[in-house]
Amino acid sequence: MTTPAAQTPRRPAVAGYFYPGSAQKLQADLEQMFRTTPAASVKGKITGLIVPHAGYAYSGVVAASAYQLIRGLAIDNVAVISPSHRDRFGGVTVYPGQYATPLGNIPTNTELSGRLAELSPVILKSPLGHGDEHALEVQLPFLQYILKDFKIIPLVMGSQDWKTCSALGDALAKILAGTSSLIIASSDLSHYHDQETANRLDQKIIDAVNQFDEEKLYYEITAGKCEACGAGPIIAAMIASRLLGANQAKVVLYRTSGEVSHEYDQVVGYLAGVMYG
């Protein structure tokens, strides 16, 4: 039976706030970001990206530097993993319907989403956590611009403990094996420290990503040695990417909000990374 959530696309919650609300302005901003963003490259199959989720004015160039890596690739499915900033719940939810942005509707791969929910009791088909969440939504216009034709598996993590990260990573690897798919981990880094402190904290995450060491990242986060609101999505994406054949990871760009605002007393850190092999 079709659920109401599947019939009605999830409408944009932060269009006109985190990014432009009009399709014309959004398209123009995306074109500008991709035209001016540093281009990187990796040798090997890309299985996952790590991208920030602040307003485009602050983190858009960092996000675009990761999305540049998939330009021209044939990708049919994108699993986008977001933390939950507003709703409190356990486990992970996968949205049962389409997502909409000013650039149009994006279909969900209902078959893969259904299989994902069947593989682990921590993964539920539910709109819980998706309604006002910006961290997943802000990734979608980038994907629409760079890929054009694809389906999504929209995921929000209410829990970011190791058990949940591992269960999600394992399940994603199983459903995506043999498909043309990509995993997106949505995360900002340290929040509201001065620039020097932010750089020191964020370097620990940069090191763990460059070493492709999700266990080290989890330890550093849980020990309070660094900060990332989407540490769970990063760890789950690293686990899934490794199971899908990735053996390397690399940070392609790191910046803070201070480099845009020129105010360095309270900054937020942003990282763009890629898993490949």
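Helices (H or I, at least four residues) and strands (E, at least two) are DSSP runs, numbered from the N terminus. Residues are numbered from 1 along each chain as its sequence is written. The model is predicted: local features require a pLDDT of at least 70, side-chain atom pairs count only at pLDDT 80 or more, and totals for chains, interfaces and linings use all residues, while side-chain values use heavy atoms, with hydrogens and water left out.

**Stop 1: confidence along the chain**

Begin by colouring the chain by pLDDT, the predictor's confidence in each residue, from 0 to 100. The chain has a mean pLDDT of 95, and 97% of its residues reach 70 or more. Next, select residues 1-6, where the pLDDT is below 50. Beyond near neighbours in sequence, residues 1-6 have seven contacts in the model (a contact being heavy atoms within 4.5 Å). Where pLDDT is low, the predicted coordinates should not be read in detail.

**Stop 2: helix α6 and its partner α3**

Select helix α6, residues 140-147. How many of the residues of α6 are buried? Eight of its eight are, with buried meaning under 20% relative accessible area, exposed over 50%, and partly exposed in between (1.4 Å probe, protein chains only). The buried residues run through L140, P141, F142, L143, Q144, Y145, I146 and L147. After α6 comes K148, which has a positive phi near 75 degrees.

The crossing of α3 and α6 is right-handed, which is the case when the near helix is turned clockwise from the far one by less than a right angle, anticlockwise being left-handed.

**Stop 3: helices α4 and α7**

Select α4 (residues 110-119) together with α7 (residues 162-176); their axes come within 9 Å and cross at roughly 140 degrees. That angle makes α4 oblique to α7, and the crossing is right-handed. On the α4 side, L112, R115, L116 and L119 take part. They meet A171, L172, K174, I175 and L176 of α7.

**Stop 4**

For C165, the nearest cysteine sulfur is that of C226, 13 Å away. C165 has 0% relative accessibility and so counts as buried. C226 is likewise in no disulfide, and its nearest cysteine sulfur, that of C229, is 12 Å away. At 4% relative accessibility, C226 counts as buried.

**Stop 5: residues with a positive phi**

Most residues other than glycine have a negative phi. Select Y192 in strand β9 (residues 191-193); its phi is positive, at about 65 degrees, although it is not a glycine. Is Y192 buried or exposed? Its relative accessibility is 55%, so Y192 counts as exposed.

Move to H262, in the loop between α11 (258-261) and β11 (267-276). H262, also not a glycine, has a positive phi of about 65 degrees. H262 counts as exposed because its relative accessibility is 57%.

**Stop 6**

Select T256, in strand β10 (residues 248-256). T256 is buried, with a relative accessible area of 0%. Leaving out residues up to four places away in sequence, T256 touches Q195, N199, V267, V268, G269 and Y270.

Go on to K45, in the loop between α2 (23-36) and β1 (46-51). Which residues does K45 contact, leaving aside its neighbours within four places in sequence? They are T179, M275, Y276 and G277. A C-alpha to C-alpha distance drawn from K45 to A246 gives 7.5 Å, although 201 residues separate the two in sequence.

Finish at N105 in strand β5 (residues 104-106). N105 is partly exposed, with a relative accessible area of 44%. Not counting residues up to four places away in sequence, N105 touches P9, R11, Q98, Y99 and A100. The C-alpha atoms of N105 and A23 are 12 Å apart, and the two residues are 82 apart in sequence.

Terms used: A disulfide is a pair of cysteine sulfur atoms within 2.5 Å. Axes are lines fitted to C-alpha atoms, for helices over the stretch in contact, and angles run from 0 to 180 degrees between N-to-C directions. Angles under 35 degrees count as roughly parallel, over 145 as roughly antiparallel, 65 to 115 as roughly perpendicular and the rest as oblique.
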